[in-house]
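Please read each point alongside the coordinates.

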Amino acid sequence: MATPSNLVIVESPSKAKTIGKYLGSAYTVKASMGHLRDLPKSTMGVDLEHDFTPKYLPVAGKEELIKELKKAAKQADTVYLATDPDREGEAISWHLKELLQLPDSKTYRVTFNEITQKVVRESIANPREIDYDLVDAQQARRILDRIVGYQLSPLLWKKVRRGLSAGRVQSVATRLVVDRENEIRAFIPQEYWSLDVTLNRIGKPGSFVASYYGTDKKRELESEQQVDAIIAAITGKTFTVTNVKRADKKRSAAPPFTTSTLQQEASRKLNMTPKRTMAIAQQLYEGVDVEGEGTTGLITYMRTDSLRLSDEAMASAADFIKNRYGKEYYYGSFHRFKTKNGAQDAHEAIRPTRVELDPERIQGSLTKEQYKLYKLIWSRFLASQMANAVYDTVSIDTQCAGHTFRSSHQSLKFAGFIAVYEEGRDEEAEAVGSPLPDLQVGEQANAAKVEKKQHFTQPPARYTEATLVKAMEEKGVGRPSTYASIVSTIQDREYVLKTEKRLAPTPLGEVVNGLMMERFNDIIDVEFTANMENKLDDVETGARKWKEVLREFYQEFQKELTEAEQALQGVRLKVPEEESEEICELCGKKMVVKVGRFGKFLACPGWPECSNTKPLVERMPGRCPNCGSGILKRKSKKGYAYYACEKGAECGFMSWDVPTELDCPHCGQTLFKKSGRGRMKPFCINEKCENFLPEEKRGYYQKKEGTGEKSSAKKTKKTTAKKTTKKKEGSK
């Protein structure tokens with residue numbers, strides 16, 4: 001058989017498999033497995049004295065692959081470089097061309113916004129040359145980060161702690177987290193009050209609740225004295241309905257996903273980290289074996305900040321919506337969304353490649369994570385082309401003694417896009433109020449109940465991974481391809497710790513941030529970093545030269561670095577340690593809280609003389625049902641949380657169920673709830689109590705005896721010392 005005359009080089013085996021199926025036997029498709037040439041790991045690899053000349057070397061360990069690709073390229077008449085359609089993908093194609101010594105005459109660049117047969121064949125039929133502006137933009141970013149990392153990190157080793165690492169954009173992300181923590185610490189709560197009245201209609205059945213609004217205009221109640229004065233004014237007096245406003249309220253669908261919004265929504269709804277989200281999205285983009293379809297690319301390219309959709313995609317969505325849901329559920333025309341200023345518009349928004357491949361149809365061909373993420377992307381895209389949701393809203397003003405009280409309610413009249421998808425929220429959803437009677441202007445009512453409540457304003461919430469990505473996007477820090485790695489890196493470097501899904505700076509992160517703020521204000525400045533991103537965008541469009549950008553940056557950076565080294569000569573910054581109440585049983589010192597790759601733990605401050613460590617336990621509400629002592633949250637060897645008596649083996653109690661603050665009204669023992677996400681109904685685990693809930697009814701799955709299948713019965717939870725002891729004996 002003759003050797004195929006066309007070679008296509010992509011980045012991953014799965015992508016190679018998908019594209020190979022579409023192109024047929026005339027093409028050989030091979031994977032480079034990512035970068036094959038890069039800056040060296042052990043040295044900076046950039047000649048700062050000769051205009052930032054980079055020194056690129058073949059990646060260690062890939063010698064055989066390079067040899068194989070060189071041989072295939074030599075035998076081929078034409079070589080298509082088909083790496084990902086972004087700056088990094090363009091740079092990888094350039095590195096491949098240089099490393100494999102490919103001549104211009106037979107080398108072409110192709111990109112795929114989606115990996116479908118139509119797009120793949122069209123792209124191969126219309127190749128282009130390598131875009132060296134894109135390559136230069138990527139080189140500039142890579143060298144900027146290399147300079148900062150290799151020249152700043154040694155300073156951190158000398159002044160803070162050995163092994164630390166500094167990053168250009170990661171330092172700014174850490175600053176955002178530290179700044180938010182400082183806002184929380186500096187926050188001073190402000191008192192405010194609410195006043196609700198339950199009103200009974202005079203002469204008609206029905207009651208409703210109205211909340212204090214104001215007099216001539218809206219008024220905030222700042223003290224109990226103000227509230228008591230209003231109560232005194234309305235006591236014993238009649239309320240009169242003065243205004244009834246009814247209207248239809250329309251709500252539009254969210255636009256299709258960009259990289260940022262996909263990461264945010266996957267974090268909110270699927271509890272996926274940005275890094276995991278992008279890894280699963282890459283699999284969906286490159287291709288999955290779908291039953292009856294073969295290897296299929298399921299979504300368009302997932303690194304984009306554009307909201308643009310192709311006419312073909314919107315037309316397919318329109319037909320699908322009309323056929324499945326009815327004409328009234330279609331938006332009525334192509335629903336186009338305006339991309340924000342400054343966004344790159346090289347790719348479409350993230351959408352399914354074929355809308356008819358609905359998630360339920362192909363669920364059996366996907367992993368659980370692939371299915372969940374694909375369903376999220378598919379639903380969001382389809383909803384973006386659906387009709388507005390319509391709500392019936394009513395607002396009623398009732399007056400008494402010159403004070404206005406307002407009641408409001410809304411109910412869904414027409415689902416529209418909500419039939420398919422509703423966007424998650426970082427903050428609490430707006431209250432819709434209770435249903436209201438059919439009130440008329442002039443109608444009167446009496447107060448059956450008056451309720452006043454004291455409140456305090458709350459500090460801003462700590463960032464979640466989703467809201468940090470959102471903040472970076474809004475402030476222009478990083479680009480779609482970098483969000484996931486930034487959020488992951490600041491946690492890996494132990495500058496930021498995720499606790500209960502919220503990000504907080506570690507003492508180490510705060511010390512490093514303080515040093516950066518004092519000595520390298522430009523690097524850690526949000527606006528400066530955003531401007532640098534704009535300069536890199538200018539390099540990409542050919543408006544600026546990449547080495548010019550590097551010269552401007554390095555001139556100021558070198559000056560700051562020299563000044564910092566002089567100012568910090570002989571100085572060693574100490575990272576404060578959080579002291580615990582635990583006493584080291586080996587030397588008697590109070591143990592301190594340390595942060596490791598698996599979270600916080602306790603360590604003796606007497607190291608290296610004393611190297612005692614132990615897990616950091618969290619004290620839970622409630623009391624041990626065996627002996628009445630406290631309950632601690634612990635982790636098993638596999639990382640699963642369980643709850644045990646603080647006396648340990650002396651008592652022996654442990655449970656997978658979560659203790660609550662509530663006591664059983666019948667026996668007085670602590671109530672527990674099922675572990676997992678969401679609000680769970682508490683139950684009593686005391687077998688002698690009439691309120692006892694048997695283990696098999698607590699909502700956990702269990703396997704059928706003698707089979708590996710899950711039954712509809714519930715998984716048994718171990719809650720007694722006797723059962724725990726048996727388990728330990730059986731494992732010996």
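1. In this predicted model, four strands form an open sheet with antiparallel pairing in the order 23-24-25-26. Strand 23 (618-620) and strand 26 (654-655) are the edge strands, each pairing on one side only. Strand 24 (residues 631-635) and strand 25 (residues 641-645) run antiparallel and are joined by five bridges; Leu-632 has Ala-644 in strand 25 as its bridge partner.

2. Six strands make up a closed barrel, 9-10-15-14-11-16, with antiparallel pairing. From one strand to the next, the twist averages 35°. Five bridges connect strand 9 (residues 191-201) with strand 10 (residues 207-214) in the antiparallel sense, and Asp-196 stands opposite Ser-211 in strand 10. Helix 7 (residues 224-234) packs on this sheet, and its direction makes about 20° with that of strand 9.

3. The count of aromatic pairs comes to 16. Tyr-325 and Tyr-329 form a tilted pair, 6.2 Å centre to centre with 45° between the planes. Tyr-325 counts as partly exposed because its relative accessibility is 24%, whereas Tyr-329, at 17%, counts as buried.

4. Phe-653 and Phe-672 pair edge-to-face, with 6.1 Å between centres and 65° between planes. This pair links distant parts of the chain, 19 residues apart: Phe-653 lies in the loop between strand 25 and strand 26, and Phe-672 in strand 28 (residues 670-673). Both Phe-653 and Phe-672 are buried.

5. Ring pairs also link Phe-52, Phe-520, Phe-528, Phe-553, Tyr-554 and Phe-557 into a cluster.

6. Two arginines deserve mention here. The charged end of Arg-37 sits over the ring of Trp-94, 5.1 Å from its centre; that of Arg-406 sits over the ring of Tyr-213, 4.0 Å from the ring centre.

Conventions: Residues are numbered from 1 along each chain as its sequence is written. This is a predicted model: local features need pLDDT of at least 70, side-chain atom pairs count only at pLDDT 80 or more; totals for chains, interfaces and linings use all residues. Side-chain values use heavy atoms; hydrogens and water are left out. Two strands pair if DSSP finds at least two bridges between them. Helices (H or I, at least four residues) and strands (E, at least two) are DSSP runs, numbered from the N terminus. Axes are lines fitted to C-alpha atoms, for helices over the stretch in contact, and angles run from 0 to 180 degrees between N-to-C directions. Contact means heavy atoms within 4.5 Å. Rings of Phe, Tyr and Trp (its six-membered ring) pair if their centres lie within 6.5 Å; planes under 30 degrees apart count as stacked, over 60 as edge-to-face and the rest as tilted. Buried means under 20% relative accessible area, exposed over 50%, partly exposed in between (1.4 Å probe, protein chains only). A charge sits over a ring if NZ of Lys or CZ of Arg is within 6 Å of the ring centre and within 35 degrees of the ring normal.
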